[in-house]
Amino acid sequence: MPGPMNKRDLEPGIITDLAGRTTYGEYLQLDRLLSAQVPRSQPPHHDELLFIIQHQTSELWMKLLIHELSACIRYVQADKLEPSFKIFARVAHIQRMLFEQWSVLATLTPNEYLEFRDTLGPASGFQSWQYRALEFLLGNKDVNALGPFRHQPDVHGELERLLQSPSLYDEFLRHLARMGHAVPANRVERDWRQPYEKSPEVVEVFRRIYEDTDTHWDAYEMCEKLVDTEERFQLWRYRHMMTVMRIIGFKQGTGGSSGVAFLRKALDLRFFPELWDVRTELAPPSARGKAP
């Protein structure tokens, strides 16, 4: 007896007359989205589409990260840490997507990339304003990083706003101060345009939180969410560096940077330095409160 046909009948309730109605493609503006991949190599090189889509999708995920982290900052400003934890769960999955994308680009061989690399001209990932916005939101402030965006007033203005605003970490320290923790005054109010400088007094605040988690559970959980976020960010940076090394070796970057050497320097940056330093300072429970 023959088996069932390899066919699925449409259910009667499925809408097929879409004239004058919102469609899937219209809602997502797929006509704009799918026409935004414009290879510049002539004739178009097969692998240039991969390169373009890799970076476009990364920008979309970064847009969502900015959206989520901005909401997280608003919760912290309102002293509502618990709602931010849901956001951090989503941020973790977005970061995982960004990390895994490098494995797709890593299938691009050096010879394949060289076929169309010249078409990029001076274009470089360093010029991603959304990446810069993420770094500003997380606390890596650098006024010199605004340089590539002087010709884009709207973008420059938004980055300037983020540069002048407290980062997520700044807002967390201000929250801790409002909750009665001994955060020094020069961490509650300061020139937000300047890079954050770590403080032994802040390390001590975190030591007290980590050594009494029952009393400070929300703050403790927030600390760990931040550490998770930074660790994933560093892994993303590292994967980026290794992918670049795999494809171009130690060539100069298209935007004029030293390439791999420039990316390696980013691995030394820290968004939340005291949250890493406090781990060195923690004593076993049996030794806490005892004289050395």
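This is a predicted model: local features need pLDDT of at least 70, side-chain atom pairs count only at pLDDT 80 or more; totals for chains, interfaces and linings use all residues.
Which helices each supply at least two residues of the lining of the largest pocket?

**View 1. Lining of the largest pocket, by helix.** The helices that each supply at least two lining residues are α3 (48–77), α4 (81–105), α6 (129–138), α11 (217–248) and α12 (260–266). Of these, α3 gives the most to the lining, with eight residues.

**View 2. Centre and make-up of the largest pocket.** The space in the largest pocket comes to about 1,600 Å³. Its lining is made up of 49 residues, and those nearest the centre are His55, Ser124, Gly125, Phe126 and Gln127. By class, the lining of the largest pocket holds 23 nonpolar, 16 polar and ten charged residues.

**View 3. The second largest pocket.** This pocket holds about 430 Å³ of space. It is lined by 13 residues, with Leu33, Gln56, Glu59, Leu60 and Lys63 the closest to its centre. Both α2 (30–33) and α3 supply at least two residues of this lining. Here α3 gives the most, with eight residues. The lining of the second largest pocket divides into five nonpolar, five polar and three charged residues.

**View 4. Packing of α6 with α7.** Helix α7 covers residues 153–164, and its axis comes within 9 Å of the axis of α6. The two axes cross at roughly 10 degrees; angles under 35 degrees count as roughly parallel, and α6 and α7 are therefore roughly parallel to each other. Their crossing is left-handed. On the α6 side, the contact is made by Trp129, Arg132, Ala133, Phe136 and Leu137, which meet Val155, Glu158, Leu159, Leu162 and Leu163 in α7. Eight of the residues in this contact are nonpolar, none is polar and two are charged.

**View 5. Packing of α11 with α13.** Helix α13 covers residues 273–281, and the axes of α11 and α13 cross at roughly 110 degrees, coming within 9 Å. That angle makes α11 roughly perpendicular to α13. The crossing of α11 and α13 is left-handed. From α11, the residues Cys223, Glu224, Leu226, Val227, Glu230 and Glu231 meet Leu275, Trp276 and Arg279 in α13. This contact has five nonpolar, no polar and four charged residues.

Notes
Residues are numbered from 1 along each chain as its sequence is written. Side-chain values use heavy atoms; hydrogens and water are left out. On a 1 Å grid over the protein atoms alone, a cavity is a set of points where a 1.4 Å probe fits but cannot get out, and a pocket is an open set with protein on both sides within 12 Å along at least five of seven lines; lining residues have an atom within 4 Å of a point. Grid points are joined across faces, edges and corners, and a volume is the space filled by probe spheres set on the points. Helices (H or I, at least four residues) and strands (E, at least two) are DSSP runs, numbered from the N terminus. Ala, Val, Leu, Ile, Met, Phe, Trp, Tyr, Cys and Pro count as nonpolar, Asp, Glu, Lys and Arg as charged, and the others, Gly among them, as polar. Axes are lines fitted to C-alpha atoms, for helices over the stretch in contact, and angles run from 0 to 180 degrees between N-to-C directions. Angles under 35 degrees count as roughly parallel, over 145 as roughly antiparallel, 65 to 115 as roughly perpendicular and the rest as oblique. A crossing is left-handed if the near helix is turned anticlockwise from the far one by less than a right angle, and right-handed if clockwise. Contact means heavy atoms within 4.5 Å.
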